[in-house]
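Me: I have a structure open and would like to talk through its ligand site and a few residues. Could you take my questions one at a time?

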Amino acid sequence: MISFQQVDKHYGEFHVLKGINLEISQGEVVVVIGPSGSGKSTLLRCINRLEAITGGNLDVGNVKVNDKKTDINKLRRDIGMVFQHFNLYPHKKVIDNITLAPMKVLGLSKSEAETIAKYYLKKVGIEEKANQYPSQLSGGQQQRVAIARGLAMKPKIMLFDEPTSALDPEMVGEVLDVMKTLAHEGMTMVVVTHEMGFAKEVADRVVFMDKGQILEVASPAEFFTNPKEARARQFLNRVL
Ligand code: ADP
Ligand code: MG
C-alpha cells in the first residue's frame with residue numbers, strides 16, 4: 001500500500017530523511033516513534049506529498065508519489081490526515097467542516113454529504129455537536145471531528161501526526177478509542193504518537209526513527225520488551 005525505497009528528503013542543505021526503506025501493507029497499523037526532530041512528521045507528509053522527496057522512490061498503491069505526471073489531488077483524496085492542532089475551519093459549523101470536501105472534491109450534493117457527515121459524527125460519538133462551532137467543543141471533541149472529516153472522504157489510508165499531543169490528559173483516551181476502532185475495522189494507518197500504550201496495544205509494527213533514519217522496525221511485543229538499538233532503549237527509558 002505504501003512503499004518507501006531509499007527515500008531521501010532534504011530541506012535545502014539539511015538532510016532530514018536518510019535512505020528510508022519501509023513497506024506498509026493494506027490494513028496495517030504502523031506506529032512511528034522517536035525523538036523530536038527525528039523526521040517523523042516529514043515522513044508522514046511525504047506520503048501525501050505535502051513535502052516532496054528529493055531522492056529514491058515512494059509509491060502509494062500503484063501511484064508514484066514523486067512522479068510529475070501523478071495527479072496529486074487524486075492521491076490526496078485517498079489519504080486522510082489528522083494533525084496535532086485539529087485544523088478545523090473555526091467559522092464553519094462542525095457539519096460544514098465535514099461536508100466541505102465531499103461536496104467540493106467528490107461533487108456530492110449537500111444532502112448526500114450531510115448524510116455521510118452525520119454517519120461519521122455518530123461513529124466518533126458526537127452526532128449531537130453537528131450544528132456547533134469548533135470553539136464550542138472540547139479539544140477531544142474537535143479532534144474527533146477532524147477524524148470524522150478525514151473519514152468522510154472514504155480514504156484508503158489515514159495518517160495521524162501526534163493526534164493527542166495537544167489534548168488535556170483526560171481527553172486523550174476518547175481520541176485513541178476512535179483510532180482503535182478504525183484500526184480494528186482494517187484501516188491502513190500510519191500514526192506518529194508518544195502514546196506507548198496505544199503502540200503496544202494497536203500497532204502491528206513499531207518504527208523507531210532517529211536523526212532522519214529508521215533504526216528499528218519490530219512488532220510491539222519485540223520492540224517494547226527487547227529493543228535492539230541502544231538509541232531505542234534510551235528513548236524508551238525516557239518515555240516509559
Ligand atoms: P519530528 O516530527 O520527528 O519532530 P520533523 O519531521 O518535524 O521531525 O522535523 C525533522 C527536522 O527537519 C527538524 O530538524 C526540523 O527542524 C526540520 N524541518 C522540518 N520542517 C522543515 C522545513 N519546512 N524547513 C526546514 N527544516 C525543517
Ligand atoms: Mg512532528
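This is a predicted model: local features need pLDDT of at least 70, side-chain atom pairs count only at pLDDT 80 or more; totals for chains, interfaces and linings use all residues.

Me: Which residues surround ligand 1?
Reply: The residues around ligand 1 are Tyr11, Phe14, Val16, Pro35, Ser36, Gly37, Ser38, Gly39, Lys40, Ser41 and Thr42. By class, four of them are nonpolar, six are polar and one is charged.

Me: And what is the distance from the side chain of lysine 40 to an oxygen atom of ligand 1?
Reply: An N or O atom in the lysine 40 side chain is 2.8 Å from an oxygen atom of ligand 1. Serine 41 also places a polar side-chain atom 2.9 Å from an oxygen atom of the ligand. Serine 38 uses its backbone instead: one of its backbone N or O atoms lies 3.1 Å from a ligand oxygen atom.

Me: How much of ligand 1 does the protein bury?
Reply: The protein buries 59% of the 560 Å² that ligand 1 exposes when taken alone.

Me: Glycine 37 was on your list. Where is it found, and is it buried or exposed?
Reply: Glycine 37 is found in the loop between strand E3 (29–33) and H1. Its relative accessibility is 65%, so it counts as exposed.

Me: How far is its C-alpha atom from that of aspartate 210?
Reply: The two C-alpha atoms are separated by 8.1 Å, although glycine 37 and aspartate 210 are 173 residues apart along the chain.

Me: Changing topic: which residues of helix H3 are buried?
Reply: Helix H3 covers residues 94–104, and its buried residues are Val94, Ile95, Asn97, Ile98, Thr99 and Pro102.

Me: What do they pack against?
Reply: The buried residues of H3 pack against helix H4 (110–123) and helix H5 (139–151).

Me: Now to H4. What does leucine 121 touch?
Reply: Leucine 121 is found in helix H4. Residues up to four places away in sequence aside, leucine 121 touches Val94, Ile98, Ile126, Glu127, Ala130, Val145 and Ala148. Val94 and Ile98 are among the buried residues of H3.

Me: Is leucine 121 buried or exposed?
Reply: Leucine 121 counts as buried, at 0% relative accessibility. C-alpha to C-alpha, leucine 121 is 8.6 Å from arginine 149, which is 28 residues away in sequence.

Me: Where is the place of valine 124?
Reply: Valine 124 is in the loop between H4 and H5. Valine 124 is buried, with a relative accessible area of 3%.

Me: What does valine 124 touch?
Reply: Not counting residues up to four places away in sequence, valine 124 touches Arg144, Ile147, Ala148 and Val178.

Me: Let us turn to backbone angles. What is the phi of glutamine 6?
Reply: Glutamine 6 has a positive phi of about 50°, although it is not a glycine. Most residues other than glycine have a negative phi. Glutamine 6 is found in strand E1, residues 2–11, and it counts as partly exposed at 47% relative accessibility.

Me: And what is the phi of phenylalanine 86?
Reply: Phenylalanine 86 also has a positive phi of about 50° and is not a glycine. Phenylalanine 86 lies in the loop between strand E6 (79–82) and H3. With a relative accessible area of 13%, phenylalanine 86 is buried.

Me: Finally, what does UniProt list for residues 2–236?
Reply: The unreviewed UniProt entry lists residues 2–236 as "domain: ABC transporter". In this model the span is 37% helix and 26% strand, and its end C-alpha atoms lie 27 Å apart.

Key:
Residues are numbered from 1 along each chain as its sequence is written. Chains are lettered from A and ligands numbered from 1 in the order in which they are written. Side-chain values use heavy atoms; hydrogens and water are left out. A residue is near a molecule or strand if one of its heavy atoms lies within 4 Å of it. A polar contact is a pair of N or O atoms within 3.5 Å; within protein, one must be able to donate a hydrogen and the other to accept it, and residues adjacent in sequence count only if both atoms are side-chain atoms. Accessible areas come from the Shrake-Rupley method with a 1.4 Å probe; for residues, only the protein chains shown count as cover. Ala, Val, Leu, Ile, Met, Phe, Trp, Tyr, Cys and Pro count as nonpolar, Asp, Glu, Lys and Arg as charged, and the others, Gly among them, as polar. Buried means under 20% relative accessible area, exposed over 50%, partly exposed in between (1.4 Å probe, protein chains only). Helices (H or I, at least four residues) and strands (E, at least two) are DSSP runs, numbered from the N terminus. Contact means heavy atoms within 4.5 Å. UniProt positions are given in the numbering used here, feature names are shortened, and annotations may be inferred rather than shown by experiment.
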